[in-house]
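Here is a friendly walk through a pair of protein chains, written for someone who likes to know the cut-offs behind each term. Please keep the viewer open while you read.

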Amino acid sequence: MNPTEKNSASSSPSDQFLSQVLSCVRFRYDHAVIRQELLDHIEDRKDNYMEEGVKDGEAEILAVSCMGDARELGEALNREHSPLLGWIWRISGWAASICVFLAVVLTILPLGHMMLSPFINSADNIPRDQIVYSQKMEERVQIDDRVIILRKVVFTQTDRNADTGTLHILWDNYEKRLHFSGWGFTLSDCRFTDQSGREYLFSGGYSSAGPLSRCSTELDGFPKGAETLYIDYDRYHRQFHIEIPLLPPGSGTGPISGTNLPGGDAS
Amino acid sequence: MQLDKGLIGGSTVLMVLSLLKEKDCYGYEIIRLLEQRSDSTFEFKEGSLYPVLHRMENSGYVTSYMHTADSGKQRRYYRITGKGQEQLAEERRQWDIFSRSVNKVIRGEACGLV
């Protein structure tokens, strides 16, 4: 038996028929789909014969013969599976995938980065080795549609023996409505005092861009032993007052209180 | 009964679209329905249905999708589209005109108009 005869003998009647059909279909990317559909049909016809009592092998031969001439069928299918149209379809599919990829890379990813960066990047540039104490809080006030959330105060000193240092106030703010009023809020518009009534001026700060802005406001010359920080805002007929008990090093956290005075709106 | 292939070929699309208008079908199911409804008058080479189905899909008269039947067999089903419904209506109209014309001719001969 030569190799050709051996291959024919090992192939089922279905496989031989389908190979002949597909040899006439030039666009090979459609071969798998065509093959499966014709094979399913042959299987269904074969099952029908077997239900009528025909044996397996003979049922398959009969089912294949019902399909007609393999070459005629292959040529008819080839006319419906044009390589030109097939390639146009595949290339347009690739082009669509590339466009989607570029849309994601050029628009969605930068947007996502802008949205997520407030949660990824720290708004503070506080040197860790200078931190004397740090205390978290969750104090929020609202002015019109802008929500201000005080997150943390951090006291730093370059010289641990000094009486004063820098108080960093870390806070977030966002607009509840996307109407882009153009009115921005900055904590530097507030008045900062301690329990002695002494006022401390804004000396620097940082804020990140994006829908949720993460900010830092710094007060230089702030006393190490200050017990309470008062933050007062009174502009454009809007006010709020926040009291932040401060920790001397080694103590626990204290209660935080903050209220909007009439004219504002606390959330 | 073996009918002239030309007769069958000209009305295959009409018959297939008519069946698909009733419900979505896969290829073998269409063959069985054609056999049963025609009292086995239409028994043509079953494979020749698939170039017809694929041409109809290329023309937009039908769409296809894979579906697993209750029997557990996964088959490619065909569904008539809006464009296919319009084509069906047109082919029905043409068939009505054609069959009436043929009947007029042969009845005319039978009436002895010679």
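The report below covers the interface, then the sheets of each chain.

## Ground rules

This is a predicted model, in which local features need pLDDT of at least 70 and side-chain atom pairs count only at pLDDT 80 or more, while totals for chains, interfaces and linings use all residues. Residues are numbered from 1 along each chain as its sequence is written, chains are lettered from A and ligands numbered from 1 in the order in which they are written, and side-chain values use heavy atoms, with hydrogens and water left out.

## Where the chains meet

Let us start with contacts, meaning heavy atoms within 4.5 Å. On this rule, 19 residues of chain A touch 20 residues of chain B. Together the two chains bury about 1700 Å², with 47% of that on carbon and sulfur atoms; buried area here is the accessible area (1.4 Å probe) that two parts lose on being put together, summed over both. Of the area that chain A buries against chain B, 35% is supplied by A:Glu37, A:His41 and A:Glu80, more than any other three residues.

Seven salt bridges are counted between chain A and chain B, each being a side-chain nitrogen of Lys or Arg within 4 Å of a carboxyl oxygen of Asp or Glu. A:Asp47 and B:Lys73 meet in a salt bridge through their side chains, at 3.1 Å from N to O.

On the side of chain A that touches chain B, the elements giving two or more residues are α3 (31–51), α4 (56–66) and α5 (70–80) of chain A. Helices (H or I, at least four residues) and strands (E, at least two) are DSSP runs, numbered from the N terminus. The largest share, ten residues, comes from α3(A).

## A salt bridge inside chain A

Over all chains, the structure holds 22 salt bridges. One of them joins A:Arg35 to A:Asp15, with the closest N and O atoms 2.7 Å apart. A:Arg35 lies in helix α3 of chain A and A:Asp15 in helix α2 (residues 13–22) of chain A, so the pair ties together parts that are 20 residues apart in sequence.

## The sheet of five strands in chain A

Chain A has an open sheet of five strands in the order β1-β2-β3-β7-β6, with antiparallel pairing; two strands pair if DSSP finds at least two bridges between them. At the edges are β1 (131–143) and β6 (202–207) of chain A, each pairing on one side only. From one strand to the next the twist averages 20 degrees.

Strand β3 (residues 164–175) and strand β7 (residues 212–223) of chain A run antiparallel and are joined by ten bridges. Look for A:Thr164, which stands opposite A:Pro223 in β7(A).

## The sheet of three strands in chain B

Chain B has an open antiparallel sheet of three strands, ordered β1-β3-β2. Its edges are β1 (25–26) and β2 (62–68) of chain B, each with a single partner strand, so one side of each is left without a neighbour in the sheet. Two bridges pair β1(B) with strand β3 (residues 74–80) of chain B in the antiparallel sense, and B:Tyr26 has B:Tyr77 in β3(B) as its bridge partner.

Which helix of chain A packs on the sheet? α3(A) does, touching β1 and β3 of chain B, and its direction makes about 105 degrees with that of β3(B). Axes are lines fitted to C-alpha atoms, for helices over the stretch in contact, and angles run from 0 to 180 degrees between N-to-C directions. Helix α3 (residues 49–59) of chain B packs on the sheet too, touching β2 and β3 of chain B.
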